[in-house]
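Student: Could you walk me through reading a protein model, one feature at a time? I would like the general idea and then the case at hand.

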Amino acid sequence: MIRAKRTIAMGFMVLVLFAAATVSAADGPAVMITDYKLEPEALMPGDTGTITVTIQNMDTQSSETETMTTTTTGYTSSTTTTSTVNAEIESIRLSSRNRDIEWLREGFQRSEYFNVGALGPGESITIAIPIKVAAYTRDGTYFPEVCIEVDNGDNVRFPVPVKVASSSVEILEKDVTSEISLSESKEITLVVANNRPNSVSGVKVQVKARTGELEISPECIFTGNLAPYEKRAVNFSLTPLSPGNKDILFVVEYKNGINSHRNALESAIFVRSNADVRLILVDVPKSVLKGEITKIDFDVANGMPKGVKAVSVLPVSNGEGRVRVLPSEYFIGDMEAGDVFSASFDVDTRELSAGENRIAFKLAFRDIDSDRIYETEGYDVSIEVKEPQKDALPAMSFFALPAILLSVVAVVWLRVKHRRKTVA
């Protein structure tokens, strides 16, 4: 009896466990590239850019089922578990038939992404692939392939169109004068033209004087973005500071994506030395005796196509030594285009030396538009000063002559009277 109970007890205590697991799964997950973007939209030879792709696990129904069976003495049970299948992305790389479009390598960076991760059903991920266009690449559309290796599914090869265009942003002359006077400011107009099939950014225009003195305003014009094939006009003001030929450089700088580019156009402008507002000598004596006051007459003519203001004529040098010139400034005021006014000066020659003396005069005025002051170069006037003749009798005034005659008559009368006394 006791033995039988032990046998039963041992039977209950001894468990025979048997566990069996079976797994069934559908085919691997379907991975696809659902969207792509190229930045910039068109690259220039030598440019770098980015291909951005969206990778998605399109399979929302794939799952795997696992059944667990447990057997004890006299009892068997089973458990079934169903779970979705993730897409295990092992690597992403770029494949090209030639070296025109390649993965951009920086330092020791590998030219592919490893162990990207897992995508659940319906999930997506965005990956940016840096690319570089070879400097020798010709214009056209290229199709490098984005290759995706899926550990538990089919691999993907997706061609992405990459457009290469060598056209640039040009700078053109629209209204640029070839000649300018030293006494004026001139406005010029340039055109920046985006000849590319995509937008560009950060556009700025500069005018630079390569030779000679030339004042340019403003120094730089920032125009911002230009749409494909858009043109835009910009204006600059040029003010010459010295005469002669001036070499000018027109420069446009812009960005295609993150790539900086520059284009330039050479030009030239000739600066006339003679002013359009002119000082014209009308009359000056050929010679003058030292000590006399002589007169110098000028005409002031405005030959510009516009008016000027605050016109005045000033003596700038007094010849040899100090000489008095009056007035010290002959103020004319405003002059319309084509006006001619007179200006006269009195010169005291007492302090001038004998011989040829030069006295310089200048013309000053303000531009009616810019209010800038202009001054012409000195206009030299030559005056010959002569010393009075030493053997010449001094000139007698009308009132001194009768007194002299009376003195002569008195002397003669006294001599006659004295002679009569002597005879008597």
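Student: Is aspartate 371 buried, partly exposed or exposed?

Tutor: Before we start, keep in mind that this is a predicted model. For a residue's exposure, look at its relative accessible area: buried means under 20%, exposed means over 50%, and partly exposed lies in between. Aspartate 371 has a relative accessible area of 38%, so it is partly exposed.

Student: Which side chain does aspartate 371 meet in a salt bridge?

Tutor: The general idea comes first. Side chains of opposite charge can pair when their charged atoms come close. Here, aspartate 371 forms a salt bridge with arginine 366, at 3.4 Å from N to O. Arginine 366 has a relative accessible area of 28%, so it too falls in the partly exposed class. Salt bridges with shared partners also bring in Lys309, giving one network of Lys309, Arg366 and Asp371.

Student: How many salt bridges are there by this rule?

Tutor: The count is 14. One of them joins arginine 358 to glutamate 356, and their closest N and O atoms are 3.2 Å apart. Arginine 358 is partly exposed, at 47% relative accessible area. Glutamate 356 is partly exposed as well, also with a value of 47%.

Student: Which salt bridge links distant parts of the chain?

Tutor: Look at glutamate 253 and lysine 204, whose side chains meet at 3.6 Å from N to O. Glutamate 253 counts as partly exposed because its relative accessibility is 24%. Lysine 204 is partly exposed too, at 30%.

Student: Now for sheets. What is the strand order in the open sheet of 4 strands?

Tutor: The order here is E9-E7-E12-E13, and the pairing is antiparallel. Strand E9 (112-119) and strand E13 (156-159) are the edge strands, each pairing on one side only. From one strand to the next, the twist averages 25 degrees.

Student: How many bridges join E7 and E9?

Tutor: Strand E7 (residues 87-95) pairs with E9 over 6 bridges, in the antiparallel sense. To see one of these on screen, pick arginine 93 and find its bridge partner in E9, glutamate 112.

Student: Where is serine 242 placed?

Tutor: Serine 242 lies in the loop between strand E21 (231-240) and E22. Its relative accessible area is 17%, so serine 242 is buried. The side chain of serine 242 makes a polar contact with that of lysine 246, at 2.6 Å. Beyond its neighbours within four places in sequence, serine 242 is in contact with Leu182, Glu213 and Val271.

Student: How many disulfides does the structure hold?

Tutor: A disulfide is a covalent bond between the sulfur atoms of two cysteines. The structure holds 0 disulfides. Cysteine 147 is buried because its relative accessibility is 3%, whereas cysteine 220, at 33%, is partly exposed.

Conventions:
Residues are numbered from 1 along each chain as its sequence is written. This is a predicted model: local features need pLDDT of at least 70, side-chain atom pairs count only at pLDDT 80 or more; totals for chains, interfaces and linings use all residues. Side-chain values use heavy atoms; hydrogens and water are left out. A disulfide is a pair of cysteine sulfur atoms within 2.5 Å. Buried means under 20% relative accessible area, exposed over 50%, partly exposed in between (1.4 Å probe, protein chains only). Two strands pair if DSSP finds at least two bridges between them. Helices (H or I, at least four residues) and strands (E, at least two) are DSSP runs, numbered from the N terminus. Axes are lines fitted to C-alpha atoms, for helices over the stretch in contact, and angles run from 0 to 180 degrees between N-to-C directions. A salt bridge is a side-chain nitrogen of Lys or Arg within 4 Å of a carboxyl oxygen of Asp or Glu. A polar contact is a pair of N or O atoms within 3.5 Å; within protein, one must be able to donate a hydrogen and the other to accept it, and residues adjacent in sequence count only if both atoms are side-chain atoms. Contact means heavy atoms within 4.5 Å.
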